[in-house]
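Here is a briefing on one protein chain. Look over the sequence and the model first, then read the points below.

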Amino acid sequence: MSNLTNHKTIRKYSNREVDNNTLNEILYAGVRASNTGNMQLYSIIATRSDEIKAKLAPAHFNQPMITKAPVVLTFCADVNRYNKWCALRNTDPGTDNLESLTTAIVDTVICAQNVCVAAEEKGLGICYLGTTTYNPHMIIEALNLPKGVMPITTVTLGYPDEDPVRQLRLPLEAITHNDTYCDYSDANINAYYSEEENDSLNKKFVVENKKQNLAQVFAEVRYTRQASEAFGKILLETIQKQGFKL
């Protein structure tokens, strides 16, 4: 439990290699994750090659973790393997649709989180990269992903070379609802976001970006509507090119 509650994102890694046995044990934890109907509609690409990391880097805006981490794990929603199995057994898989893609995405993320928990239990550090869905077409090319395979999330993995401050999270009562959803009042919102808004580092971000508050930094600088719409268009086009009919 402490590994989960004390999680820290690690972006700097030592030169210590992750041996094959350790990596396989960690990945096996992902394979054992809960999934829909035991179809296991996901694949994990473990990249150690400097050459392939260099090809992946631009898709992730050249964040240094990609080239410097010992291992880069790309978690993909994958109906390709299941489709081939069904074809060999003379049946229609019926996976080229939104429901199957959604199922595969959910199972992929559950698998990824199992892997991350297992990694941290063994003393390794991880970093999720949200950039995977920004440039999926570039990742598909770098990793030779066939139709039916969509990159969903990327995790860098290695032994930590830093001990960062644990990131703030919203309080439990901000996230959980009893029996049914209870919508938020203005007072709730002010209370739940007060710790983040009063954090000295976040206050510094507000000043540096010449904004009035932290919400404006998020919505107008970090995660803008324009960027979300542009990346969303690329994502939709890539999903369709990979054979899913939306």
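N144 is exposed, with a relative accessible area of 65%. Exposed means over 50% relative accessible area, buried means under 20%, and partly exposed lies in between (1.4 Å probe, protein chains only). The model is predicted: local features need pLDDT of at least 70, side-chain atom pairs count only at pLDDT 80 or more, and totals for chains, interfaces and linings use all residues. Residues are numbered from 1 along each chain as its sequence is written, and side-chain values use heavy atoms, with hydrogens and water left out.

**Positive phi values**

- Most residues other than glycine have a negative phi, and most peptide bonds are trans.
- N144 has a positive phi, near 55°, and is not a glycine.
- N144 is found in the loop between α7 and β4. Helices (H or I, at least four residues) and strands (E, at least two) are DSSP runs, numbered from the N terminus.
- D179 also is not a glycine, and its phi is positive at about 70°.
- The loop that holds D179 runs between α8 (172-175) and α9 (186-192).
- D179 is exposed, with a relative accessible area of 84%.
- K210 follows α11 and has a positive phi, near 55°.

**Whole chain**

- The chain has 13 helices and 4 strands.
- Its radius of gyration is 20 Å, close to the 18 Å that the globule rule gives for 246 residues, so the chain is as compact as a globular protein of that length. The radius is taken over C-alpha atoms, and the rule is 2.2 Å times the number of residues to the power 0.38.
- The C-alpha trace spans about 60 × 45 × 35 Å along its principal axes.
- Of the 246 residues, 36% count as buried.
- The accessible surface comes to about 14800 Å², and 51% of this belongs to carbon and sulfur atoms. Areas come from the Shrake-Rupley method with a 1.4 Å probe; for residues, only the protein chains shown count as cover.
- Take the contacts between residues at least 6 apart in sequence: 78% of them join residues at least 24 apart. Contact means heavy atoms within 4.5 Å.

**The sheet**

- Strands of a sheet pair through backbone hydrogen bonds, either parallel or antiparallel.
- Here 4 strands form an open sheet in the order β1-β2-β4-β3, with antiparallel pairing. Two strands pair if DSSP finds at least two bridges between them.
- β1 and β3 stand at the edges, each with a single partner strand, so one side of each is left without a neighbour in the sheet.
- Neighbouring strands are turned by 25° against each other on average, direction ignored. Axes are lines fitted to C-alpha atoms, for helices over the stretch in contact, and angles run from 0 to 180 degrees between N-to-C directions.
- Strand β1 (residues 42-47) is joined to β2 by 6 bridges, antiparallel. I44 has F75 in β2 as its bridge partner.
- Strand β2 (residues 71-78) pairs with β4 over 8 bridges, again antiparallel. L73 stands opposite V155 in β4.
- Strand β3 (residues 125-129) pairs with β4 over 5 antiparallel bridges.

- In strand β4 (residues 149-158), 10 of 10 residues are buried.
- In β2, 8 of 8 residues are buried.
- Both faces of β2 are covered: V71, L73, F75 and A77 are buried on one side, and V72, T74, C76 and D78 on the other.
- T74 belongs to β2 and has a relative accessible area of 0%.
- Leaving aside neighbours within four places in sequence, the contacts of T74 include S43, I44 and I45, along with I139, L143 and P151.

**Helices**

- Helix α2 (residues 20-31) lies across β1, β2 and β4, and runs at about 165° to β1.
- Helix α7 (residues 136-143) lies across β1, β2 and β4, and runs at about 75° to β4.
- At the start of helix α11 (residues 200-208), a side-chain oxygen of D199 reaches to within 3.2 Å of the backbone nitrogen of L201.

Notes: A polar contact is a pair of N or O atoms within 3.5 Å; within protein, one must be able to donate a hydrogen and the other to accept it, and residues adjacent in sequence count only if both atoms are side-chain atoms.
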